Amino acid sequence: MDILLLFFAGVFGGVLNSIAGGGSFITFPALMAVGVPPVIANATNTFASCAGYLSGAWGFRHELSRHRDVLPRSILVSLMGGVLGAVLLLTTEENDFLTAIPWLLLFATLLFIFGPNINRRLAQGSHAKKSSFTRQILPAAFLLLVSAYGGFFNAGLGIVALGYLSLCGYHDIHLMNGLKLLISSCVSLVAVAIFIWHGSIDWLNGIAVLVGSLAGGYISAMASKYIARLWIQRFVALSSLLITGYFFIEVYA
């Protein structure tokens with residue numbers, strides 16, 4: 001029953017990720033619901049999400065190939081940040097991470113709800129003339145923080161990455177989605193490698209979520225024709241608020 005639950009959570013999460021994002025709001029709590037400890041559940045969720053990031057980035061390979069000059073630095077900084085976040089997760093006590101979960105979910109939820117408006121405001125302010133510090137060092141530092149967040153807690157990574165790209169002055173949504181998925185792929189790959197080395201992945205449950213997510217991504221191609229994106233976004237926002245509220249009550253009540 002646990003495997004079936006995780007498979008269908010993966011399907012649902014895969015559909016959400018493909019259409020509106022926010023699949024981790026379903027898959028991460030589902031892993032904890034079947035008894036996977038918080039840190040292991042987070043590492044396993046990162047593993048389950050990785051294949052979707054990779055396949056998505058491959059889908060935007062043509063857009064990415066036209067901007068090869070920015071790729072090496074983005075990849076390098078993303079890998080560094082992913083290592084930092086993964087190591088931080090594995091050195092965090094289970095109880096400390098448990099108490100942080102509601103706040104991390106709240107942060108990711110607020111980003112999901114207000115992220116598009118924040119991104120537009122950042123994009124509007126990106127036309128000003130920039131110094132070399134603003135053009136190179138500051139974005140690299142921001143990307144390092146974004147990637148470290150993703151290595152530590154995967155939920156909301158794509159939304160945070162889009163905020164980074166808006167701050168850097170990107171406007172082409174297809175290129176932004178490609179770079180977002182490339183960053184997410186690099187962060188997840190290096191984090192998963194560290195989690196594997198540390199023995200922090202629940203393989204059976206993780207594979208159930210992974211297979212479900214891949215199936216959900218396929219199903220979403222059909223579902224997106226019949227369900228308005230706005231309604232999916234509203235559902236994700238509502239469900240993430242409810243899940244966040246549940247974790248606040250569970251941890252602090």
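These legends walk through a few close-up views of a predicted model.

**View 1. Phe142 and Tyr164 meet edge-to-face.** Searching the whole structure turns up 10 aromatic pairs. In the pair formed by Phe142 and Tyr164, the ring centres sit 5.8 Å apart and the planes are at 80 degrees, so this one is edge-to-face. Phe142 belongs to helix H7 (residues 132–152) and Tyr164 to helix H8 (residues 157–167), so the pair ties together parts that are 22 residues apart in sequence. Is Tyr164 buried or exposed? Tyr164 is buried, at a relative accessible area of 5%. Phe142, with 27% relative accessibility, counts as partly exposed.

**View 2. Four Phe rings form a cluster.** Here you can pick out Phe28, Phe97, Phe152 and Phe153, joined up by ring pairs. Two of these names, Phe97 and Phe152, come back in the next view as residues that Leu89 touches.

**View 3. Leu89 is buried among its contacts.** Leu89 is part of helix H5 (residues 71–90). Its relative accessibility is 0%, so Leu89 counts as buried. Which residues does Leu89 touch, leaving aside those up to four places away in sequence? They are Val39, Asn42, Phe97, Gly151, Phe152 and Phe195. Look for Ile40 as well: Leu89 and Ile40 are 49 residues apart along the chain, and their C-alpha atoms are separated by 9.7 Å.

**View 4. Leu110, Ile113, Phe114 and Leu241 make a nonpolar surface patch.** The patch covers about 330 Å². Which helix gives the largest share of the nonpolar patch? That would be helix H6 (residues 94–124), with 3 residues. Leu110 lies in helix H6, and this residue is partly exposed, with 38% relative accessible area.

View 5. The UniProt entry, which is unreviewed, carries the annotation "transmembrane region" for several stretches, including residues 38–58 and 179–197.

Conventions
Residues numbered from 1 in each chain as written. Predicted model: local features only at pLDDT ≥ 70, side-chain atom pairs only at ≥ 80, totals over all residues. Heavy atoms only, no water. Phe/Tyr/Trp six-rings, centres within 6.5 Å; stacked < 30°, edge-to-face > 60°. Helix = DSSP H or I, 4+ residues; strand = E, 2+ residues; numbered from the N terminus. Buried < 20%, exposed > 50% of the residue type's maximum accessible area, 1.4 Å probe, protein only. UniProt positions renumbered as here; feature names shortened; annotations may be inferred. Patch = residues over 30% accessible without salt bridge, like charges linked within 9 Å, V, L, I, M, F, W, Y side chains within 5 Å. Areas by Shrake-Rupley, 256 points an atom, 1.4 Å probe, with all protein chains shown as cover. Salt bridge = Lys/Arg side-chain N within 4 Å of Asp/Glu carboxyl O. Contact = heavy atoms within 4.5 Å.
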